[in-house]
Every structure is written in C-alpha cells, then in structure tokens.
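Visitor: I am new to this structure. Please show it to me, and then I will ask about it.

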Amino acid sequence: MNRKTLLLAILTLVLAVFVAGAWFVSRPDPTPVATAAPLEQQDRLVRSYSPILGREDAPVTIVEFFDPACEACRAFHPIVKQILTQYPDDVRVVMRYTPFHGEGSELAIKVLEAARLQDVFVPVLEALLENQPAWASHGAPAAERIMEIAGAAGLDTAAAADQIRSPSIVGVLNQDRADVEAVGIQGTPTFFVNGKPLPEFGAEQLLSLVQAEVEALATN
C-alpha cells in the first residue's frame, strides 16, 4: 500500500468515527411511552352521566377534564372536533367537569348539565366556548351572561333556572370535583386516551396517542 492510499484510508476511518460520534451526541431522546393510569384512578375517569361527544360505543375513549372558563380548553376544542371528524367510528370524547375558575365555572357547568338534560349539550357547549371572553374573564367574570348565551343556543332558560338547583346536578358537580382530586388533575385540559395520560402535554401528543390507539385496533 503506497503512502497516498494509506493516508486516504486513515482519513476515511477518522471521518467514519466522527460521523458515528456526532450521531451519538445528537441522536433524539427516546419518545416517552404512555402507560395506563393506575386501576384506582381508571375507575374514576368515566361516570355513567358524563357527556359524550361522538359515537357512544366507540372503542377509543378520550377523557377530557375541562373547565368551560379555561382558555386552553377553548383552544383545544377544535383539535378535539378534528379528531372526532377524522375517526367518527373509532373515537368518543367523555367530558369531565373541572371547576378551577370559581363561581363562573360552576354556573357554566350547571348550565351545561341542564343543556344535557334538555338534549342541547353540544350547541350550548359550542356557544359558551365561542363566547368565553364575554363571560369568563377571570378578573371580572360576567356570570349573568352565561344563561343568556346558552338561551341563544337553544336552552330553555326558564326550565334551566330550576334544573341548575336540582340535587342531581349539584351531585354531578360534587362527584366530578371528587374525581378530579382523586385522579390528581392539576390543570385543564387534561387528557387520557383509553386510560393513558399524554406522555407530554400538547396537541401533537394527543393526536399521536389517539392515532396509536386507533391503529392498535386493526392488529387486535
């Protein structure tokens, strides 16, 4: 082997070692894997009364702990609807109430429950989220606007005025409060997909976990 050939071989080896080292340093971290919540928590994720968006018997369940006064919940709602549109036969969303923003949140939740009893839950939910800035300012909530907005969306406000004081609706709010504490919910929205929390919070993480659960259906 002549000197030129030997030098070329050495340079090639050095380059190979450099490339391998650069890959090792810059390789992406392993993607966090979602694991199911403990069994004692899973029992508290879904209640028989919980409002459901989408097909009620869909095999993939997203549980969303949400507060109607939460700006992030409002921002995520189009993403949730996108998922339901993309997987109309495979995914349902179970809504759990999380009243983290005081009296305005509590009244909005009671109104949503009255809307559920009147079979107008979805239009009232959409209206409250769309008009959230009008009633849910955390500095000075305008709770009186809630019933007005819900009425414009189809709620019988006269009937709702009695319904929101009923023991059944108060019981729903209290049970959801207890479940929020038991599951350890710290912020809204918080999502579980088939009992699995998101490995990291974010729209992309929600979409990826839902996709993985839907694809798993095809292999079972």
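Guide: Buried means under 20% relative accessible area, exposed over 50%, and partly exposed in between, with a 1.4 Å probe and protein chains only. This is a predicted model, in which local features need pLDDT of at least 70, side-chain atom pairs count only at pLDDT 80 or more, and totals for chains, interfaces and linings use all residues. Residues are numbered from 1 along each chain as its sequence is written, and side-chain values use heavy atoms, with hydrogens and water left out.

Visitor: What percentage of the residues in the protein is buried?

Guide: The protein has 220 residues. Of these, the buried share is 39%.

Visitor: Is Thr 61 buried or exposed?

Guide: Thr 61 belongs to strand β2, residues 60–66 (a strand is a DSSP run of E with at least two residues, a helix one of H or I with at least four, numbered from the N terminus). Its relative accessibility is 12%, so Thr 61 counts as buried.

Visitor: Which residue has a side chain joined to that of Thr 61 by a polar contact?

Guide: A polar contact is a pair of N or O atoms within 3.5 Å; within protein, one must be able to donate a hydrogen and the other to accept it, and residues adjacent in sequence count only if both atoms are side-chain atoms. Here the contact is 2.8 Å, and the partner of Thr 61 is Arg 92.

Visitor: What is the phi of Asn 194?

Guide: Most residues other than glycine have a negative phi. Asn 194 lies in the loop between β4 and β5. Asn 194 is not a glycine, yet its phi is positive, at about 50°.
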